[in-house]
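User: Hi! Could you walk me through this structure before I set up my calculations?
Analyst: Happy to, let's have a look together.

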Amino acid sequence: MNLCRTALLLSLLGSTTACGGGASSSATLQSPDGKYRVIHVVDARWQQDGAATEMAAALDRHTEVALVFAHNDDMAFRASLACKQKQRTGIRIVGIGGSADAQKRVADGSIDATVLHPTCADTVIDMALLACSGIAPPRRLVLGTRLYTKATLAAGGTIVPAPGDIVVAMLRGQHASVLTTTPSIDVVFRIGMALRTDGEARRTRIGDELQAAAKRYPQIQFDCHAAEGPEQEQKLVRDFIAQNYNAIVMAPTDPTTLAPLCKEAIAKEIKVVVLDRELAGVDCSCFVACDEKSIGRAVATAIKELLPSGGAIVELQGTMTASAAQERHQFFVEALGLRKHP
């Protein structure tokens, strides 16, 4: 059975598979008052080219598109270009990422809003320093985000808080003598990290911001090494353990690969701070991540501001086997109060 015949059969069941593209759903999500309707959902796999292709297809199928919500800023930008190529004006574009480049695109009108996906670098380094200093950080910290629109760029965006923000602020106040850039002790803590970027701009930004955060503290020696794949990543972490580093920062791409090494490090009383994705079945010293629920709320806020009278929405998702993509969809749907509409 060819792909397009499969699409025809699935469409009778309320969903379709776009010929030559990603999986999409034609089932409508709608707010209770009927103002906001998601009329086209597609898995563009975080890719710019995929987003352009799928956006063009959505525009061919739907004349009433008012806004595009893309799960990252690159897809948002390519969606905006697809709208221009199709000469469809007035369609608002919302992305997630909030990088400096994305903020420039908001400023020049290429996209209308971006929601920050923070690296949490300052918090990760602070929690590692506290742990090395004998102060147990919280086991789990979930941080908020910022919403950038053209109206709020100059003010640094609109803060969308999460509970972890308050906890971090309290810890910094309570332990200012430890989290100081002018320490009174000569001890230098060695903190290691093996970072796989896998060509992702955000993961490169994580490395850059972690190193910048660590440089604030003369009492930290932060050794961040690039890892080309899982084998090199594991080798570097084993080296940190063998050299008895004070702490290791992990930003796993796979929740299982580094779990045994995390256990090994903790058994040797090496502190482990995990960023973004939790390790399967392991209690680390501290887990730090951005709150995807706050991101969903920020997206909903942007949509309400950009479409005060409501309208039809296209959602360009990331790879939907990824937890980040699933949570972004879930919390965006919850924040707008969307329900399946027959």
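**Helix packing, sheets and a few residues**

Analyst: Let's start with two helices: α2 (residues 48-61) packs against α3 (residues 73-85) at an angle of about 40 degrees, and their axes are 8 Å apart. With that angle, α2 counts as oblique to α3. Keep in mind that this is a predicted model.

User: Thanks. Which hand does the crossing of α2 and α3 have?
Analyst: The crossing of α2 and α3 is right-handed.

User: And which residues in α2 and α3 meet there?
Analyst: From α2, the residues include Ala-52, Met-55, Ala-56 and Leu-59; from α3, they include Met-75, Arg-78, Ala-79 and Cys-83.

User: OK, another pair. At what angle do α5 and α6 pack?
Analyst: Helix α5 (residues 121-132) and helix α6 (residues 163-174) make an angle of about 45 degrees, with axes 12 Å apart. That makes α5 oblique to α6. The crossing here is left-handed. On the α5 side the contact is made by Asp-122, Thr-123, Asp-126 and Met-127, and on the α6 side by Val-168, Leu-171 and Arg-172.

User: Let's switch to strands. What is the order in the open sheet of six strands?
Analyst: The order is β8-β15-β14-β13-β11-β12, and the pairing is parallel. β8 (140-143) and β12 (220-226) are at the edges with a single partner strand each, so one side of each has no neighbour in the sheet. On average, neighbouring strands of this sheet are turned by 15 degrees against each other, ignoring direction.

User: How many bridges are there between β11 and β12?
Analyst: Strand β11 (residues 189-195) pairs with β12 over seven bridges, in the parallel sense. In that pairing, Phe-189 has Ile-220 in β12 as its bridge partner.

User: Which strands does helix α8 touch when it packs on the sheet?
Analyst: Helix α8 (residues 230-242) touches β11, β12 and β13 (247-250), and its direction makes about 170 degrees with that of β11.

User: What about β16, how many of its residues are buried?
Analyst: Seven of the seven residues in β16 (residues 311-317) are buried. Strand β4 (residues 36-43) pairs with β16 in the parallel sense over seven bridges, and Val-42 has Leu-316 as its bridge partner in β16. Strand β5 (residues 65-70) also pairs with β16 in the parallel sense, over five bridges. There, the bridge partner of Val-65 is Ala-312 in β16.

User: Now side chains. Is Glu-292 buried or exposed?
Analyst: Glu-292 counts as buried, because its relative accessibility is 8%, and the cut-off for buried is under 20%. Glu-292 lies in helix α10 (residues 292-306).

User: And what does the side chain of Glu-292 make a polar contact with?
Analyst: The side chain of Arg-328, at 3.1 Å. Leaving out residues up to four places away in sequence, Glu-292 touches His-117, Ala-324, Glu-327, Arg-328 and Phe-331.

User: What about Asp-276, what is its phi?
Analyst: Asp-276 has a positive phi of about 75 degrees, although it is not a glycine. Asp-276 is in the loop between β14 and β15 (286-290), and it is partly exposed, with a relative accessible area of 23%.

Methods:
Residues numbered from 1 in each chain as written. Predicted model: local features only at pLDDT ≥ 70, side-chain atom pairs only at ≥ 80, totals over all residues. Heavy atoms only, no water. Pairing = 2+ DSSP bridges. Helix = DSSP H or I, 4+ residues; strand = E, 2+ residues; numbered from the N terminus. Axes fitted to C-alpha atoms, helices over the stretch in contact; angles between N-to-C directions. Contact = heavy atoms within 4.5 Å. Buried < 20%, exposed > 50% of the residue type's maximum accessible area, 1.4 Å probe, protein only. Polar contact = N/O pair within 3.5 Å; in protein donor to acceptor, adjacent residues only side chain to side chain. Parallel < 35°, antiparallel > 145°, perpendicular 65-115°, else oblique. Left-handed = near helix turned anticlockwise from the far one by under 90°.
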